[in-house]
Amino acid sequence: MWMLLLLPFIGLLWVPFYNFLDPVLFGFPFFYWYQLAWVPISSLLIWLVYRSRPHDEAR
Amino acid sequence: MTDRIEWVALSVFIFFFALVTVMGFFAARWKSGPVSDNLDEWGLGGRQFGTWITWFLVGGDFYTAYTVIAVPALVYAVGAYGFFALPYTIIVYPFVFAVMPLLWKVAHANGHVTAADVVHGTYGSRGLELAVAITGMVATMPYIALQLVGMGAVIKAVGLWGSCRSSRLSSFSRSIPIARACARRR
């Protein structure tokens with residue numbers, strides 16, 4: 001499960017993956033909406049990893 | 001950017017400034033401990049911050065004058081280059097999620113306050129501790145400078161230039177000492 005946390009690094013740190021104009025979404029070039037899409041995707045991935053772990057003792 | 005006083009913006013600015021100041025004084029009484037006795041009280045709020053308060057603290061750390069003034073200005077000026085800010089903000093979260101709980105456990109178990117304390121406690125090296133502490137301070141300097149520039153931009157945006165640049169001083173701004181000084185000099 002921890003490997004999921006590497007996906008945002010792979011998806012975002014190599015600019016040639018998303019340095020395109022098309023496909024345009026709501027008028028936004030792919031370059032912009034692709035990066036913004038990683039915000040909710042990363043939250044989801046962190047949540048999945050968090051859920052898979054046993055809970056810490058609170059204090 | 002205007003050189004007139006923006007009343008709506010200035011009122012909102014003063015309202016929140018006063019609100020946060022008053023909240024700060026109330027918060028100082030809330031769950032207060034012996035501040036002068038140990039660094040935990042001063043630096044970590046007595047280790048009493050739970051998830052809710054920490055969430056706001058992280059938000060306050062992240063979304064600053066840099067985020068709301070400097071990055072949009074950079075994107076406006078140079079376009080897509082300014083978008084470096086978005087990927088790095090996104091990848092910080094999985095990194096912090098993986099690393100910080102480990103750091104927290106060590107710090108919590110041994111009563112460490114700063115990152116340098118953790119390094120000294122774990123590796124027992126004064127030199128390494130010093131290197132981490134100095135790196136932390138030096139690395140913070142440009143960021144602090146950036147925040148000050150950002151705050152300056154915000155204050156100018158509400159019409160307070162703090163200099164004689166304004167050529168159309170209103171009757172109110174002439175009543176502010178610095179504006180009066182400007183008017184006299186002209």
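Visitor: Where does A:Phe20 lie?
Guide: A:Phe20 sits in the loop between α1 and α2 of chain A. Helices here are DSSP runs (H or I, at least four residues), numbered from the N terminus. This is a predicted model, in which local features need pLDDT of at least 70, side-chain atom pairs count only at pLDDT 80 or more, and totals for chains, interfaces and linings use all residues. Residues are numbered from 1 along each chain as its sequence is written, while chains are lettered from A and ligands numbered from 1 in the order in which they are written.

Visitor: Is A:Phe20 buried or exposed?
Guide: Exposed, because A:Phe20 has 12 other C-beta atoms within 10 Å. The cut-offs are 20 or more for buried, 12 or fewer for exposed, and partly exposed in between, with C-beta atoms placed from the backbone.

Visitor: And what is A:Phe20 in contact with, leaving aside neighbours within four places in sequence?
Guide: A:Phe30 and A:Phe31. Contact here is C-beta atoms, placed from the backbone, within 7 Å. A:Phe20 and A:Phe31 are 11 residues apart in sequence, yet 5.7 Å apart in space, C-alpha to C-alpha.

Visitor: Switching topic: how many residues of chain A are in contact with chain B?
Guide: 12 residues of chain A, which meet 10 residues of chain B. On the chain A side, α1 (7–13) and α2 (30–52) each give two or more residues, and the largest share, 7 residues, comes from α2(A).

Visitor: What kinds of residues are on that side of chain A?
Guide: There are 10 nonpolar, 2 polar and no charged. Ala, Val, Leu, Ile, Met, Phe, Trp, Tyr, Cys and Pro count as nonpolar, Asp, Glu, Lys and Arg as charged, and the others, Gly among them, as polar.

Visitor: At what angle do α2(A) and α5 of chain B pack?
Guide: About 5°, with their axes 9 Å apart. That makes α2(A) roughly parallel to α5(B). Axes are lines fitted to C-alpha atoms, for helices over the stretch in contact, and angles run from 0 to 180 degrees between N-to-C directions; under 35 degrees counts as roughly parallel, over 145 as roughly antiparallel, 65 to 115 as roughly perpendicular and the rest as oblique.

Visitor: Which residues make the contact?
Guide: Among them are A:Trp38, A:Val39 and A:Leu45 of α2(A), with B:Ile90, B:Tyr93 and B:Phe97 of α5(B).

Visitor: How about α6 and α7 of chain B, what angle is there?
Guide: Helix α6 (residues 115–123) and helix α7 (residues 126–157) of chain B pack at about 165°, with axes 8 Å apart. So α6(B) is roughly antiparallel to α7(B).

Terms used: Two residues are in contact if their C-beta atoms, placed from the backbone, lie within 7 Å.
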